[in-house]
Amino acid sequence: MKKGAPARILTGGAAAIALAVLAGCATQALNSARREFYQGRFDQANTTLERKVPHKDRVLFLMERGTVRLFGGDYENSAKDFVSAYDRLTELETYSLSQGGASLLVNDNIQDFRGFPYERTLLHAFTALDHFALSHWENAAVEARRLIESLSPEKLGDYPDDAYSRYIAGVALELIGDTSNARLQYEKAAALAEHAQLDPQTGRFGSGKSASANPENELICFVLLGRAPAPENMVYPDLGLYAEIYDGNKSLGRSQLLTDVADLASTSYQKDAAREVAKTISRIAIKETISYQIEKDNEALGALARIILIGLLEQPDTRRWETLPRYLEVARVPCPPDLKEFTVVFKNSSGHEFGRRTISTPLTKQGSTFVSFVRDIPR
Amino acid sequence: MKYLWMAVGMSALLLGGSGCAAFRANVSDVNVEQGDHMRAQFDFRDLRAISAEVVDQMLASPFLNKGSDTPTFAIKGIENRTSDYLDTKAITDTMRTKLIQSGKVQFVNVERRADLASEQGYQAANATPGTGAEIGQQAAAQFMMTGSIVEMKQSSPRQVRVSKTKQRYYQLTMEVTDLKSGLIAWTTQSEFARAERQPLIGW
């Protein structure tokens, strides 16, 4: 190694640390916003996420801010965030050699965040919720088509499919009168969530007559419960959360679980694990070789290089869409034609109530179908 | 080594001296009738081409050339059945402009009905007698113009490659329905397909 090379490597390492520190500021903002979101302080979380976004985390910021705005009731801007995230993801389909190479020397955190395939699919499912809330039925169908494309074999590969997203696509297509394509999505959702007793012909739940009956008016309420655990969390007990829907004191029905995000996250993480381990081993080998080369010229400098390259810079990439709920459920129940509000009672697996919300907004109507959604976050 | 530095210096000097366009902000007009598509998606050139094609077909059709009366149309919009956020109103606006300018068709202003009613109400309450628009005298549409635009996509399969090819096909169907009989009095289709190739690996 030529004289001066160790110093150059250490300078590079120092620069990488500086970048990591700067990225840390952004992570801090993200974590603050997530905390505020789960405390029900949507405006504060939104303000926190107005800060300048590091380019590599742009998609993650937009996903988180879009979620904050969605459940804070700012549907227009939420949809804009989600659509911007999708546009950026489309640009990221081209693999960056510079970032890929740098990630072999530093860590995966310096690469652009793209998320797992299930996160990219849920991006469209959440955008569709924004459009439902705004009565933008055609736009919801646009998202349904994008969602379906994200679940195509070319895009999904062997990552897990998602019944809830399929169901949202079905609803969006059904509401614009595209019943044949809606049915295809209901069929796929029914196959993925057999326990839900979903009738693929009608998109309704239950067995026999109740599923095939055609009520004059019905309410489709997307119920989002809990908080998705980190994908690397291999143990995530099933909490069995659900919701009951009431019109005054009259029970209209309950929600059915379609997707447990913990399952999607865990399966996706395991699929990537082997590749990640191989990459980490290669990266540590490269860093060790560099440190060894420096050590040959200067022992102290070599040790320092090892501390910087392996001790400080070797960080796992744990970035994920953290404001995602855990349980993605749907209640599709008959309702009165003049429904102005309804009550959602959140219950755990033993039937114990742990919260309730009266919903008057978002509550939109297309034909004889009311559409709404709710999440068990304090307001 | 000395020559290398000289070459670098000269290049920098030349770049600075010429004010290399790539490094400067620049604004220029674009000829809307010429130029290439940048992506395979529906763009403004498609909007112009597809609208013009439909209007030309309609103006040349026997439907508009069989009587002396100018038919009155109401536009009810184009259904977007694609996976893109298309401004389909821009398509109908372009068609309506061309059709009105042809003098062969007239349109009722469906989108401004609430404003019309508001203005008429204002005039009825405040205008000098005889100058206000008479209520109940608006022309009724005889025909309703509707349409839908669909998209089909295909891309090269997963395989070892350095670029991927995507093809997009768009088809616009326009219909004119006789409001009295409910029959479709005229219809046409316009279509195009485009391919784009994107690198899978970049810098």
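The model is predicted, with local features needing pLDDT of at least 70, side-chain atom pairs counting only at pLDDT 80 or more, and totals for chains, interfaces and linings using all residues. Residues are numbered from 1 along each chain as its sequence is written, while chains are lettered from A and ligands numbered from 1 in the order in which they are written.

Start in chain B: select helix α2 (residues 44-60) and helix α3 (residues 88-102). (Helices are DSSP runs of H or I, at least four residues; strands are E runs of at least two, and both are numbered from the N terminus.) The two pack at about 40 degrees with axes 9 Å apart, so α2(B) and α3(B) are oblique to each other. Show side chains at the contact (C-beta atoms, placed from the backbone, within 7 Å): among them are Leu47(B) and Val54(B) from α2(B), and Ile91(B) and Leu99(B) from α3(B).

Next, jump to strand β2 (residues 218-225) of chain A. Is it buried or exposed? Eight of its eight residues are buried, so β2(A) is largely enclosed by the rest of the structure. (Buried takes 20 or more other C-beta atoms within 10 Å of the residue's own; 12 or fewer is exposed, and in between is partly exposed.) Glu218(A), Ile220(A), Phe222(A) and Leu224(A) point one way, and Leu219(A), Cys221(A), Val223(A) and Leu225(A) the other.

Strand β10 (residues 369-375) of chain A runs parallel to β2(A) over seven bridges, with Glu218(A) opposite Thr369(A). Strand β6 (residues 327-334) of chain A is antiparallel to β2(A), joined by eight bridges, and Phe222(A) faces Val330(A) there.

Methods
Pairing = 2+ DSSP bridges. Axes fitted to C-alpha atoms, helices over the stretch in contact; angles between N-to-C directions. Parallel < 35°, antiparallel > 145°, perpendicular 65-115°, else oblique. Contact = placed C-beta atoms within 7 Å.
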